[in-house]
Amino acid sequence: MTLVMDNAISKFIIFIVGLFLAGSGSLSAMQAATDDPPNILFIAVDDLKPLIGAYGNEQIQTPQMDRLAEEGVTFLNNHTQEAVCGPSRASLLTGLRPDQTKVWRLHVQIREHNPDVVTLPQYFKKQGYITTGVGKVFDRSTVGNGYDRRSWSIPFNSNMPDYPGEYGDPFVHYQSAETKARASHYMEAAAQKGIHKKRKQKSYALDRIKPSTEMLDVSDDAYLDGLHAKRGMALLDELSAEEKPFFLAVGFKKPHLPFIAPKKYWDLYDRENIELSSWQKKSVNGPKIAYHNFGELRSYSDIRPALDDSLHLAESKQKELIHGYMAAVSYIDTQVGKLMDKLEELGLRENTIVVLW
């Protein structure tokens with residue numbers, strides 16, 4: 001298994017790698033197993049810091065990812081090529097540095113400057129693998145609505161999961177009835193102003209109602225990442241019946257902002273026990289370039305009034321955000337465990353390389 005964590009905030013990528021090949025954890029065993037090439041389960045986790053047990057953190061509960069680390073290899077000194085999601089994923093998935101991909105920011109297409117580049121899933125496709133996936137693997141802004149059609153045997157965008165009827169579709173990320181009602185009000189207001197495209201109506205609403213956290217007493221499937229895990233498990237069922245080996249990518253969006261997770265994951269932690277950074281001020285005579293203005297965080301409607309001119313958040317808001325991040329990490333950890341359990345159930349564990357990054 002490989003565990004790589006892509007974190008645009010902390011600006012590094014960390015790997016854990018483990019192999020399950022006929023009971024052997026050696027690369028030579030993989031190379032020798034040409035008659036039974038290994039499957040690949042490629043799990044992406046957005047904005048996951050190395051704050052899990054495998055990296056020495058004792059506060060956030062991540063038993064499933066820790067189990068992967070115990071059974072695999074952990075890489076401790078890996079750094080992202082670009083501290084932005086789309087460019088870092090473009091680099092990782094092509095094996096090219098940003099100076100080669102020319103993807104240095106969002107909304108730049110990988111193939112605009114590299115029309116013939118072979119991506120990681122595309123390489124496996126060329127080797128006879130069935131390649132497909134669900135969730136956030138490439139950043140859509142770098143590959144378009146087809147999510148890079150050349151990379152996948154089974155079209156990636158054919159695997160979008162449906163929300164269960166009991167919750168209904170969320171407003172973007174949110175399932176809160178209050179948030180959805182306010183968003184609907186703002187979208188109607190946008191329509192009355194002559195804004196007719198749904199996308200622009202949503203943007204209008206998000207400028208006015210966009211909480212940084214949400215905690216509801218709902219099942220994992222109420223939110224998109226629970227559905228990503230569910231669809232990933234279904235794809236494992238389907239792919240296990242094929243004669244060809246598979247490369248299956250499952251991309252989780254949390255713990256990226258907004259920090260949203262079912263209540264049971266929030267309940268794992270006591271907010272009063274969360275420790276804040278002891279340093280809460282700018283350094284004396286510190287250069288301005290060393291700081292930023294929390295551009296992404298400022299986009300949330302409950303942050304803008306809470307963030308004062310010194311770029312300082314109240315301690316209560318800091319604790320809420322950290323609590324939400326911890327809950328989101330444990331939520332994703334559970335989804336990873338579901339995928340691993342499905343591998344076991346299908347008898348695929350011994351001949352599957354798991355990559356979690």
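This report walks through a predicted model of a protein chain, from its overall make-up to a few local details.

**Overall picture**

Let's start with the whole chain. Its secondary structure comes to 13 helices and ten strands, and of its 357 residues, 50% are buried.

On confidence, the average pLDDT of the chain is 88, and 89% of the residues score at least 70. Two stretches call for care. Residues 1–14 have a pLDDT below 50, yet in the model this stretch has 79 contacts beyond near neighbours in sequence. Residues 18–33 also stay under 50, and for them the model has 30 contacts beyond four places in sequence. Where pLDDT is low, the predicted coordinates should not be read in detail.

Which residues of H3 are buried? They are Cys 85, Gly 86, Pro 87, Ser 88, Arg 89, Ala 90, Ser 91, Leu 93 and Thr 94. Helix H3 spans residues 85–94, and nine of its ten residues are buried, so the rest of the structure largely encloses this helix. After H3 comes Gly 95, which has a positive phi, near 75 degrees.

Helix H9 covers residues 198–206, and its buried residues include Gln 201, Tyr 204, Ala 205 and Leu 206. Helix H8 (177–192) is among the elements that cover the buried residues of H9.

**Aromatic residues**

The structure holds ten aromatic pairs. In one of these, the ring centres of Phe 124 and Tyr 129 are 5.0 Å apart with the planes at 70 degrees, so the pair is edge-to-face. Phe 124 counts as buried because its relative accessibility is 17%; Tyr 129 is buried too, with a relative accessible area of 9%.

Another pair, Tyr 265 with Tyr 331, is tilted, with 5.4 Å from centre to centre and 50 degrees between the planes. Tyr 265 belongs to helix H11 (residues 263–266) and Tyr 331 to helix H13 (residues 315–345), so this pair ties together parts that lie 66 residues apart in sequence. Tyr 265 and Tyr 331 are both buried.

Phe 124 and Tyr 129 also belong to an aromatic cluster, together with Phe 42, Tyr 123, Phe 247 and Trp 357.

| Charged residue | Ring | Distance from ring centre |
|---|---|---|
| Lys 49 | Tyr 325 | 5.7 Å |

Strand E9 runs over residues 259–262. Phe 259 and Ala 261 point one way from this strand, Ile 260 and Pro 262 point the other way, and all are buried. E9 pairs with strand E7 (residues 213–216) in the parallel sense over four bridges. Within E9, Ile 260 is the bridge partner of Glu 214.

His 256 sits in the loop between strand E8 (246–252) and E9. Is His 256 buried or exposed? With a relative accessibility of 19%, His 256 counts as buried, the cut-off being under 20%. Leaving aside neighbours within four places in sequence, His 256 is in contact with Asp 46, Asp 47 and Glu 296.

**Leu 224 in helix H10**

Leu 224 is found in helix H10, which spans residues 224–240. Its relative accessible area is 22%, so Leu 224 is partly exposed. Which residues touch Leu 224, apart from neighbours within four places in sequence? Leu 224 is in contact with Pro 161, Tyr 163 and Lys 253. For Pro 161, the C-alpha atom is separated from that of Leu 224 by 8.1 Å, although the two residues are 63 residues apart along the chain.

How values were computed: Residues are numbered from 1 along each chain as its sequence is written. This is a predicted model: local features need pLDDT of at least 70, side-chain atom pairs count only at pLDDT 80 or more; totals for chains, interfaces and linings use all residues. Side-chain values use heavy atoms; hydrogens and water are left out. Buried means under 20% relative accessible area, exposed over 50%, partly exposed in between (1.4 Å probe, protein chains only). Helices (H or I, at least four residues) and strands (E, at least two) are DSSP runs, numbered from the N terminus. pLDDT is the predictor's confidence in each residue, from 0 to 100. Contact means heavy atoms within 4.5 Å. Rings of Phe, Tyr and Trp (its six-membered ring) pair if their centres lie within 6.5 Å; planes under 30 degrees apart count as stacked, over 60 as edge-to-face and the rest as tilted. A charge sits over a ring if NZ of Lys or CZ of Arg is within 6 Å of the ring centre and within 35 degrees of the ring normal. Two strands pair if DSSP finds at least two bridges between them.
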